[in-house]
Structures are given as structure tokens and as C-alpha cells.
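Here is a briefing on a single structure, grouped by topic. Please read it alongside the sequence and the coordinates.

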Amino acid sequence: MSQKPSIPKGTRDFLPSDVAKRSYLFSVIRSVYEKHGFLPIETPSFELSSTLMGKYGDEGDRLIFRILNSGDKMKKADLQALDAGNLPKFASSLSEKALRYDLTVPFARFVAQHQNDITFPFKRYQIQPVWRADRPQHGRYQEFYQCDGDSIGSDSLLNEVEFIQIIDSVLTQLAIPAFTIKINNRKILSGIAEVCGEAHHLIAITVALDKMDKIGSAGVITELESKGLSQGAIDKISPLFSLKGTPEEQLDLMEKYLSSSVVGLKGIDELRYVFETITAIGVQEAKIEFDVTLARGLNYYTGAIFEVKVDNVNMGSICGGGRYDDLTATFGLSGVSGVGISFGADRIYDVLEELNLFPKNVSLSLSVLFVNLGQKESLVSMQLAKELRSNGIDCEVYPSAVKLQKQLKYANDRGCAWVVIIGEEELQNQQLSLKNMESGEQLKFAITNFISEFSKL
RNA sequence: GAGGUUGUAGCUCAGUUGGUUAGAGCGUCGGUUUGUGGUACCGAAGGUCGCGGGUUCGAGACCCGUCUCCCUCCCCA
């Protein structure tokens, strides 16, 4: 025996039944995007390292899969940097390409590069795999699909509202029983940092606040202390831990809290508009919350931020996103604001599986199998199969004339509804036997009118 | 990147204080008189016990290393 076959950690094979369920999931997401007028694009699996590096913060950079240079390009290795102990520089000299880490940054590159070929506001969706050198865990893979939708070139808050609608539609259609869309605004977080006189600690504050539901208020305070925030600043922040009431009430409270911060108040205004608008339009199943402790790590967000969680299921967020004001600037196109979301297809899949929400009919089955009992017989089968297919019925002819028993077992395993038997006897009478695999009943038809008779069944 | 945990047939797992040819169920394949599946009965194939080293007369069991699985943190979909 050879070595036991295996695949890299954090990756998976998909069996036919898995693929059927995955395509169902993708088709729901795709159809919702298309209903909202989004256009599909695709970008390469790998990008130039320079496109990706530095866009996701230090943590993100660490998780980017880098592609080793091949052939002569290996000679570009910076051995001096190696000798000097400068491993990052040495690594960069060895690798000029990297697997994409998400779909947003490649999209920003795409927009800047094709700015003359697209009409703004440009709304695109993109369903492709991304790769992260993360440690695999529950709901966490090294290769997984994101289903992004972004609207770029419009700073209207109606875009934010539309994304809430899209999330609501997708998850409602997938029959997820209870889910919550959490919303916050980066400007509010900036305002908080300003109000407590710790504007330079913005990142530390947001990261700490983000852990609220995990480590509790005491944990957040400890974290803030360890980041060197003054006691006065911490006292100023702690009232935020216990914000209560409807989103509107919370926003009112926050408005007072942020009264001295221009940015903060702008954030409040934006969110208030989004909440009012979506309330006026109405949603299907989504619960929408304002959550000041929602931060999100990605450095490029500047306005609204979203995160979606399924209630009562142990799974990280299944969708996230937000507004980024100038992401395309690093690619030479400035003054263009965008907002987008990303569904984590694999996490949603796991949730649907856990809650048993996949529709029964997504499994792949075969309508008709023609049993093969010899050369002359199978020729007739092939002709009939061709006709059936042109009538929109899926069918196949068993490739070899093995024992009937085995062929029926095959039909059974394939979930076949009907089996057509044409043997010597049938051929002589110009007939065929049609077996119903569920009831076991068998009918006889003349070969010549089988097609028309079958479509009546 | 830090910590914990797991690793025996394709899958799910047994394997007693280290002791002969490592077991079961499911699945797979074959058969139960040659053209009738899903049930039943009979039978077979399939494992250098994750990999490498060590302790021992003897290791699937003990020790070290390594990889992997799953989990927590970090971060995130």
C-alpha cells in the first residue's frame, strides 16, 4: 500500500452531495445579488504581493499565503538580507505573488485598473475562494469561499440600507430561523476615542471593545489598562458597556455622549439615517441591532460596519462588511467611496447543515437509467436516451452488459426513479420494460411511442 | 504566532498491569443456479496500529521528537 492520501490542513474535498448543497447555497446568494442589480466579476486567485501586503494590518499580513518564485526568479533571492538576519526582506525577495486573502482588496485594485471601463456607481458581486494561513478551527478553514457584494463610487447611505436588505433576503431565503445584523460606525468609535482624549489609541480601544461579549466589561478594562490608557479615559469609556434600549434610544444616548466630537456626531447621524430608513421599508426576518462594541479588525473601514450572527448557534460571524472611503487610493484612484459585505459561504453551509436546513430536493438523483443487456440492445437505449435528453429528461445508459442485479443496484444507489430494460425478448417484440424503482412495478411500452408515453407519466 | 487535545482497516471505534498470526460494526467486493435493486443469509478483500527515533527479551500500548485532527487564544468568513 502506498502512503495514505491526504490534503493540506484547513482544506476539504467535496463529494457530489456536498457540491449539490453548495451550489444551492451559491445560487441563492447569486440570485439575490442579481435581483439588486449587482454584476458579477472574477479576479485571479493570486495577486502581486504588493497589491495585498499592508492592507490588512500586521495580523492579516501574517496570514497571507505567499507564492514562492519559480525558475530563474529564484535568483532574485536577497541573500544579503538573509545574512543580515532580515527575514521579512529575504522572504519578500523570494516571493512576488500571493494568494488572495479576501475579495475586497483585489476588487479595489480591479476598480482602479478598469476605471475607464466601468460606470459608477459600480455594483459588483463576486463568489470565489480565498486563502488564509490561519490555524483551522470550528468554522475556520484555510481555503473558503466568500460571496462579496460591493457598491463603489457612491457615498449614499442608501447603499448601506440595501446591503441590510440583501443580508435579510439571503438568510431569510435560506430559512435561517433567527439571525442578528449588528451595526456600528467607525466614526462613532473615533468619536469615543476623541471624547476620552485618547484619539491615538483608537485601534486599541476598538479592539478591546470588540471583545466585550467574549471577556466581559472587566476583561475589557484590563485590556485597556494593559494598552496604557489612563484611568480617566477608562472611566469615560465604561458607561458604554451597559448601553440599553432600542437602537434609537441608544443612538440618543450616544449623541449626548459624543456631543463634543464632530466625527462622532457624524457617525450618529449616519447610523440614525440607516436605522430610520430600514425601519420605514421593513425587513423579513432580520433583527437589527446597534452595537457600540462592534469594531472589526480590518483597517480600511471608515463608516458603517456590519456583522451578522446566527442566533443560538456556535459559529463566528457568517457575514461582515462596512464602508471604506478611500481604499482605491492606494491603487491610484482617490475620492471614491465604497461599501460592501461578504458572506462566508462555508460557515453558512455549516450552519445549514447543523440546523438541517438544506431542502430535500437538492440531492443529485437520476431520472432514468437504461440497463445494458448487450450491444444491439444498448444501441436502442442510446438512441432513446438521446431523445429523452432533448426532451429535458436526465438519463444515462449503463456502459457495460454486466449482471442485471448489479445494474439495478447501481440505479438504486444513484437514487434513480425509473429503469428501462431492453433485452433480447423486448427487442424481438419491439418493446421495453419500464420499472418504477420506488414501487417495483413494471410496465411495457412499444419502443416507438415510449418517449411520448413517458412524458405523460 | 501561543496553549491544550487527538491519531488503530474506506468510516465509527474496541484492544484489559507492555506478551504469540491486531478485532467488531458499517461500507466495499463476490456468492445465494445463470434477466430484476433497496431486506435476509454466506463468504472475501482491506491495517509495517500517523511518521521517525528510544527504552525492553518483547511496544498499538511506555519515553522523546515530528506531523495531523479537533479545541481555546490572536484574528476573522
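N312 counts as exposed because its relative accessibility is 80%; exposed means over 50% relative accessible area, buried under 20%, and partly exposed in between (1.4 Å probe, protein chains only). This is a predicted model: local features need pLDDT of at least 70, side-chain atom pairs count only at pLDDT 80 or more, and totals for chains, interfaces and linings use all residues. Residues are numbered from 1 along each chain as its sequence is written, chains are lettered from A and ligands numbered from 1 in the order in which they are written, and side-chain values use heavy atoms, with hydrogens and water left out.

**Backbone exceptions**

- Most residues other than glycine have a negative phi, and most peptide bonds are trans.
- N312 is not a glycine, yet has a positive phi of about 60°.
- N312 sits in the loop between β9 (304-310) and β10 (319-324); helices (H or I, at least four residues) and strands (E, at least two) are DSSP runs, numbered from the N terminus.
- Q430 also has a positive phi, near 55°.
- The loop between α17 (424-428) and β15 holds Q430.
- Q430 counts as partly exposed because its relative accessibility is 43%.
- A cis peptide bond leads from F120 to P121, with omega near -5°.
- P121 lies in the loop between α6 (104-113) and β5.

- Nine of the 10 residues of β5 are buried, so the strand is largely enclosed by the rest of the structure.
- β5 pairs with β1 (residues 39-40) in the parallel sense over two bridges; two strands pair if DSSP finds at least two bridges between them.
- R124 of β5 is the bridge partner of L39.
- β5 pairs with β6 (residues 143-152) in the antiparallel sense over 10 bridges.
- I127 has C147 of β6 as its bridge partner.
- Q126 is part of β5 (residues 122-131).
- Q126 counts as buried because its relative accessibility is 0%.
- The Q126 side chain makes a polar contact of 2.9 Å with the side chain of R124. A polar contact is a pair of N or O atoms within 3.5 Å; within protein, one must be able to donate a hydrogen and the other to accept it, and residues adjacent in sequence count only if both atoms are side-chain atoms.
- The side chains of Q126 and Q128 also make a polar contact, at 2.8 Å.
- Beyond its neighbours within four places in sequence, Q126 is in contact (heavy atoms within 4.5 Å) with residues including I41, L103, F107 and D148.

**Strand β11**

- Seven of the seven residues of β11 (residues 338-344) are buried, so the strand is largely enclosed by the rest of the structure.
- G338, G340, S342 and G344 point one way from β11, while V339, I341 and F343 point the other way.
- In a regular strand the side chains alternate between the two faces of the sheet.
- β11 pairs with β6 in the antiparallel sense over seven bridges.
- Q146 stands opposite G344 of β11.
- β10 and β11 pair in the antiparallel sense over six bridges.
- S342 of β11 is the bridge partner of G320.

**Nonpolar cores**

- The largest nonpolar core has 99 residues; F343 is one of the members that touch the most other members. Such a core is a set of buried Ala, Val, Leu, Ile, Met, Phe, Trp, Tyr and Cys residues joined through side-chain atoms within 4.5 Å.
- A second, separate core of 20 residues includes C395, V420, I447 and I451.

**The mixed sheet and its helices**

- Five strands form an open sheet with mixed pairing, in the order β13-β12-β14-β15-β16.
- β13 (395-397) and β16 (442-446) are the edge strands, and each pairs on one side only.
- β15 (residues 431-436) and β16 pair in the antiparallel sense over five bridges.
- K435 has Q442 of β16 as its bridge partner.
- Helix α15 (residues 375-390) lies across β12 (368-370), β13 and β15, running at about 165° to β13. Axes are lines fitted to C-alpha atoms, for helices over the stretch in contact, and angles run from 0 to 180 degrees between N-to-C directions.
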